[in-house]
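Visitor: I would like to learn how to read a model like this one, feature by feature. Could you walk me through it?

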Amino acid sequence: TGMAFRVPTPDVSVVDLTCRLEKSATMDQIAAAIKSAGETTMKGILGYTDVEVVSTDFASCPFSSIFDKAAGIALTDKFVKLVSWYDNEWGYSNRLVNLACHMAVVDGIVPPPAKIVSIKAREIFDSRGNPTVEVDLLTATNLFRAAVPSGASTGIYEALELRDGDKGRLLGKGVLKAVSNVNELIAPKLIGMDVTKQKEIDNMMVEILDGTQNQWGWSKSSLGANAILAVSMAICRAGAASMQMPLYEYIANIAGRPTDKYMMPVPAFNVINGGSHAGNRLACQEFMILPVGASSFKEALVMGCEVYHTLKGVIKKKYGQDACNVGDEGGFAPSVQDNNEALDVLKEALEKSGHAGKVKIGTDVAASEFYKDGKYDLDFKNPASSPDTWKTGEQLMGLYKEWTEKYPMISIEDPFDQDDWASYASMMKAMGSKVQIVGDDLLVTNTKRITKALEVGACNALLLKVNQIGSITEAIDAASMSMRNGWGVMVSHRSGETEDSFIADLVVGFFTRPIKN
């Protein structure tokens, strides 16, 4: 039995509760019992503190009550005064939201969330024949599968993709360690968890089970981003099914995006390969076509296919049948010697296909691949490349200006090295109003890198790759930050892909326009 007094302030209230106990107990025993309840049966509702506090310490705190041990007094072993705090708005509103959610389940408006029964990982092979991680997640009624992709040209700031390093097996690229981390370290901790708790589960894997960090945030260097992401994607699929939603709608919900209407993306076709994706002399990694003038996704696909096959004919006529070989991502890899020559061939194909007015050009320069001693070597695949021909950032920007004036180019990705912030800022000032400047290796889907890019004015679009950051929650955070600041977001595949079509739902759920494929 007892009596409680509430003393309100503008934002936070303190409750003084005088209790008469049925059984004798010390203040330490009472505090231990309350702390235990806050960690178990009342987790997320009841908080605990044993340090000196003031009311403002609890502003925006979501707990209904925070027990203040330091303020409590044991008058006798059966007569005690307890003190707790709560934010006037959050303390009650969160419980009302929880109650509404609970009643929605009780009344059958939404289905009860499914629980994780088992998680099993395995080693599979991607489209380039390299090992990667696949996960099966089992609930009481369904099985959900997810597989992670792998990139060929990867930014140095990407979260760690864990490889075995055993040169005697699969050239050291095996992922049995990552598989073991899922099966032995991650899975046991997640069994029984609610599959709709995407953020809670992702945070547990990233911050608690892995816990490794570098200057740019959570690095996943213990468990591996490939291990964490495979589970994160499977959780997302299971959560969507549990809520009886299509995956794209569920992604829109957890990302806080509109759910009243959706838009199909503009496909970006990688039609000419160079850089690390091909054996020719081209420095730029990709030349893409974007059918921005199409009235539907189907029409965009038709345009893309017609340009692609027309391009094959142009290349065959100009360079011979051998030049029609393709690179890692299915684009042609003709033995052209110069980026301008490749653009001329592509422009000719656009005109011959009849789609020149509706199809634009984009490029992924991947300039970090040929950045040497503070300059850019556009002939980096030539062992005899002369340093006298290497370009400064300003000279390289001059080349990009020529491209945008001569060709229908609307998007330039990674035009400079991933640490050449000054050149990015200079290009944004000179060209940012006319062309999309996309950060891939520069940003690596990382909110801290995005924050710096916003501060220096480095680019105006994010290339979103979920395996660069390693969890769905962090990918959502990166996309949301970019869109809040008026940037474009381009969802992208990797050069080592799997049968998993997750990014198709991701781009629709995010309501972003282009998707690289």
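This is a predicted model: local features need pLDDT of at least 70, side-chain atom pairs count only at pLDDT 80 or more; totals for chains, interfaces and linings use all residues.

Guide: Gladly. Helix α3 (residues 176–190) lies across β7 and β8, at about 170° to β7.

Visitor: Which strands form the open sheet, and in what order?

Guide: The general idea comes first. Strands of a sheet pair through backbone hydrogen bonds, either parallel or antiparallel. Here, three strands make an open sheet in the order β7-β8-β9, with antiparallel pairing. Its edge strands are β7 and β9 (143–147), each of which pairs on one side only. From one strand to the next, the twist averages 20°.

Visitor: Why does Lys120 count as partly exposed?

Guide: Burial is read from relative accessible area: under 20% is buried, over 50% is exposed, and partly exposed lies in between. Lys120 has a relative accessible area of 49%, so it is partly exposed.

Visitor: And for contrast, is Ser482 buried or exposed?

Guide: Ser482 has a relative accessibility of 0%, so it counts as buried. Ser482 has its place in helix α13. Leaving aside neighbours within four places in sequence, its contacts are Ile450, Leu462, Trp487 and Val489.

Visitor: How would I read burial for a whole helix?

Guide: Start with the geometry. An α-helix has 3.6 residues a turn, so residues three or four places apart point the same way. Then look at helix α14 (residues 502–510), where eight of the nine residues are buried, so the helix is largely enclosed by the rest of the structure. The buried residues of α14 are Phe502, Ile503, Asp505, Leu506, Val507, Val508, Gly509 and Phe510. Just after α14, Phe511 takes a positive phi of about 65°.

Visitor: Now the barrel. How many strands close into it, and in what order?

Guide: In a barrel, follow the pairing from strand to strand. Eight strands close up here in the order β12-β13-β14-β17-β18-β19-β20-β21, and the pairing is mixed. Neighbouring strands of this sheet are turned by 30° against each other on average, direction ignored. For a close look, take β13 (residues 286–290) and β14 (residues 360–364), which run antiparallel and are joined by five bridges. Within that pair, Met288 has Gly362 as its bridge partner in β14.

Visitor: What about pockets? Which residues lie nearest the centre of the largest pocket?

Guide: For a pocket, look at volume, lining and residue class in turn. The largest pocket has a volume of about 940 Å³. Its lining holds 20 residues, with Asn98, Cys101, Asp194, Lys197 and Glu200 nearest the centre. Helix α2 (residues 90–106) gives the most to this lining, with six residues. By class, the lining of the largest pocket has ten nonpolar, six polar and four charged residues.

Visitor: And the second largest pocket, which element gives the most to its lining?

Guide: That is α4, with five residues. The second largest pocket has a volume of about 270 Å³. It is lined by 18 residues, and Trp216, Gly217, Trp218, Thr447 and Glu474 lie nearest its centre. The elements giving two or more residues to this lining are α4 (198–210), β11 (217–218), α11 (447–456) and α13 (472–484). Its lining divides into four nonpolar, eight polar and six charged residues.

Visitor: Finally, how does the whole chain look?

Guide: The chain has 14 helices and 21 strands, and its C-alpha trace spans about 95 × 50 × 50 Å along the principal axes. Of its 517 residues, 51% are buried. Among contacts with a separation of 6 or more, 64% are between residues 24 or more positions apart.

Conventions. Residues are numbered from 1 along each chain as its sequence is written. Side-chain values use heavy atoms; hydrogens and water are left out. Two strands pair if DSSP finds at least two bridges between them. Helices (H or I, at least four residues) and strands (E, at least two) are DSSP runs, numbered from the N terminus. Axes are lines fitted to C-alpha atoms, for helices over the stretch in contact, and angles run from 0 to 180 degrees between N-to-C directions. Buried means under 20% relative accessible area, exposed over 50%, partly exposed in between (1.4 Å probe, protein chains only). On a 1 Å grid over the protein atoms alone, a cavity is a set of points where a 1.4 Å probe fits but cannot get out, and a pocket is an open set with protein on both sides within 12 Å along at least five of seven lines; lining residues have an atom within 4 Å of a point. Grid points are joined across faces, edges and corners, and a volume is the space filled by probe spheres set on the points. Ala, Val, Leu, Ile, Met, Phe, Trp, Tyr, Cys and Pro count as nonpolar, Asp, Glu, Lys and Arg as charged, and the others, Gly among them, as polar. Contact means heavy atoms within 4.5 Å.
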